[in-house]
Structures are given as C-alpha cells and as structure tokens.
Amino acid sequence: MDFGSSINCVVGKMPEIHLGTHTLKSHGIKVARLHMHDWLILLLLVVIEVTLNVIEPFHRFVGQDMMTDLRYPLKDNTVPFWAVPMIAILLPFLVILVYYFYRRDVYDLHHAILGLLFSVLITGVITDAIKDAVGRPRPDFFWRCFPDGKGVFDPVTSNVICSGDKSVIKEGHKSFPSGHTSWSFAGLGFVTWYLSGKIRVFDRRGHVAKLCIVFLPLLVAALVGVSRVDDYWHHWQDVFAGGLIGITIASFCYLQFFPPPYDTDGWGPHAYFQMLEESRNGVQSSSATTTNNFLTVRPIESESGYIIQSENSREMKEFGSPGDTSSILQGMEEGRRQ
C-alpha cells in the first residue's frame, strides 16, 4: 500500500468494494462456518416439524348438533401438499438466486436463504403445534368420519363414533390454523420484504410499479389461502390465523438478517456492512502504522544537546542550546589559562 492510499484510509475514506469480490466459491465456506449453530438449529426444527406431523392431534368433542357446519363435501386439494414447499421455498429461492448472479455477494445469498428457511420452518412448527393442540375439525369432517353418510353417535355423550379411515380422520382434526396459508405467507412474505429492499420501494420517488412487484407474492399467498376455503378444508378463521402467523414470522426473520427496506442500507444484509466496517478498520489500522513509521521523530538526550532521529532516513542531527554551547567554550578557555 502506498503512502497516498494510507492517507485516504486515515481520513476515513471507505475502501472500494467491487462486485464479485465475495462469491460463493471464495467466501461461502467461511460464511457458513460462522453460522454453523444456525444451520444446526434448522435441522432441529426439521426434526420437530416431522414429529408434530406424526403424533396424533387432540380429538376435540364433536357432537351431533355440531355437524351442521361440518357437512361440506370432501374434495381434493386445489393446491396439493407437495406444491406448498415449491411455492413457499423454491419460488423465493429462485428470486434470491437470480439476485446473487447479478451481484455475486455470498453474504446476501447465505443470509437470505437462512432467513427464508427459518421463516418457513419456525412457521411450520408453530402452525403444526397449534393444530395438534387445538384439534379443530375441518368443514368436511362429517364425510371423513362417516364415508357412507350414516352418522353414528355415542348414546350418552352424543360424541361421534367414526368409521372412516384413521389417517383421513386424523387429518380431519387439523383445521386450525391453515398450514398451506401459513407456509405460503412465510415464504412469499419473506421474499416480499427481500424484493422491497432490493428494488428500493421506499425511496420516496413515488414509483407505484415497485409496489405492484412486491405485492405480487402476497397475492399468490392470499390465493392459496382462498383455495383452502373453496376446497372446504378450512374455515375462514383458519386461513386468517395462518396468514397472520406466516407474515409475522417472515417479518421477524427478515429483520434479523437485513435492515428495514426503507433504511439507507436496506438493500444489503447486516453482515455485509459489518464486513465492510471491519475491512475499513483493518485498512485504517495498517495505514496508521505505515504513516507513523514513515516519519518518527524522537528526542535522544546527549552530552551536548539533543538528537532528532528519523527512522525512515536514519539520519542523525545534533542540536544544542546556545547556553550549553557557551558553557562548553568557557570551560575550554579556562583550561588554556591554567
């Protein structure tokens, strides 16, 4: 580093960071290692999510007089179960990947993927935990419980005595909240925040077209929720609660890794700017050392005065005060007289 560059860093000039400096190949492993505990927590969330889907939900009391609102027809899913991860994870991942190929910033890629997965998995765990605990019957519960259409109830409690397939009945007790809706709003809600920061929606320039872009993922998530009511798999309250859970968790997870979209630095992750600050401080420290070594003046006491030493040139210059010189000459003169 030359002396001019050192001076620029000393006065506070941010070192220039070029696109493609921090790629997946050059810094990917380093960034992932720094967040190894986060990836381990993700694996734990996956295990919890699988467990919550295996255990039996609470079988809420369903009396004969409650069947009026539970006799809707049993239909197939407009949005099948396998499509939910595609909508909530794969689609946002493609958006994040496209931006990575544009900017080549592994910090943005890593933290966006990490935030997306946390958003979806935390939402999934909360949703399924509530499903199992509440055990609310679906609108089509009657036909799940009685495939032949002949209701059988306990003569004492009037509770249902189901004759249908056990797995179908088990799924019938998981109405609240809607998993399709919560997952969709978690993934697509996260990518809404992500796009808001990248295209700088809140730049105060009044480009309504940007709002249309960021509202599109939310529209898709809302349509997924509407399909759950249309298919009679959920009550409208289930869909509303699922959407609220998903968008709330997505917001928390996004703001954990990125500044708000209206912030000046809202286009990049916190870790990216922390890296720039550390890089700047490191360059400044190095430049300060170089500057100090360039010319260091220190007084060295000698018998006849002081020596000023420049470490760079290693030149020695000796100085004495006028009073000191006079005393020396006076002493020499007295010696001659004796």
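# Helix packing and backbone features of a predicted chain

In this predicted model, helix α9 passes helix α10 in a right-handed crossing, where right-handed means that the near helix is turned clockwise from the far one by less than a right angle, and left-handed that it is turned anticlockwise. The chain has twelve helices and three strands, these elements being DSSP runs numbered from the N terminus (helices H or I of at least four residues, strands E of at least two). Because this is a predicted model, local features need pLDDT of at least 70 and side-chain atom pairs count only at pLDDT 80 or more, while totals for chains, interfaces and linings use all residues. Residues are numbered from 1 along each chain as its sequence is written, and side-chain values use heavy atoms, with hydrogens and water left out.

**Packing of α9 against α10**

- Helix α9 (residues 208–230) packs on helix α10 (residues 236–257) at an angle of about 150°, with the axes 9 Å apart; axes are lines fitted to C-alpha atoms, for helices over the stretch in contact, and angles run from 0 to 180 degrees between N-to-C directions.
- The two helices are therefore roughly antiparallel to each other, given that angles under 35 degrees count as roughly parallel, over 145 as roughly antiparallel, 65 to 115 as roughly perpendicular and the rest as oblique.
- Leu218, Gly225, Arg228 and Val229 of α9 make the contact with Trp236, Val239 and Ile247 of α10, contact meaning heavy atoms within 4.5 Å.
- The residues of this contact of α9 with α10 divide into five nonpolar, one polar and one charged (Ala, Val, Leu, Ile, Met, Phe, Trp, Tyr, Cys and Pro count as nonpolar, Asp, Glu, Lys and Arg as charged, and the others, Gly among them, as polar).

**Packing of α8 against α10**

- Helices α8 and α10 pack at an angle of about 40°, with their axes 7 Å apart, which makes α8 oblique to α10.
- The crossing of α8 and α10 is right-handed.
- The contact of α8 with α10 is made up of eleven nonpolar, eight polar and no charged residues.

**Backbone features in the loops**

- Most residues other than glycine have a negative phi, and most peptide bonds are trans.
- The peptide bond from Phe176 to Pro177 is cis, with omega near -10°, and Pro177 lies in the loop between α7 (166–172) and α8 (179–198).
- Arg104, in the loop between α4 (83–103) and α5 (106–134), has a positive phi near 60°, and its relative accessibility of 38% makes Arg104 partly exposed (buried means under 20% relative accessible area, exposed over 50%, partly exposed in between, with a 1.4 Å probe and protein chains only).
- Tyr232, in the loop between α9 and α10, also has a positive phi, of about 60°, and Tyr232 is partly exposed with a relative accessible area of 28%.

**Confidence and the chain as a whole**

- The chain averages a pLDDT of 81, and 74% of the residues score at least 70, pLDDT being the predictor's confidence in each residue, from 0 to 100.
- Among the elements of the chain, helix α1 (residues 3–10) has the lowest mean pLDDT, 40, whereas α10 has the highest, 97.
- The pLDDT is below 50 over residues 1–18, a stretch with 25 contacts in the model beyond near neighbours in sequence.
- Over residues 294–323 the pLDDT is likewise below 50, and this stretch has 41 contacts beyond near neighbours in sequence.
- Of the 338 residues in the chain, 40% are buried.
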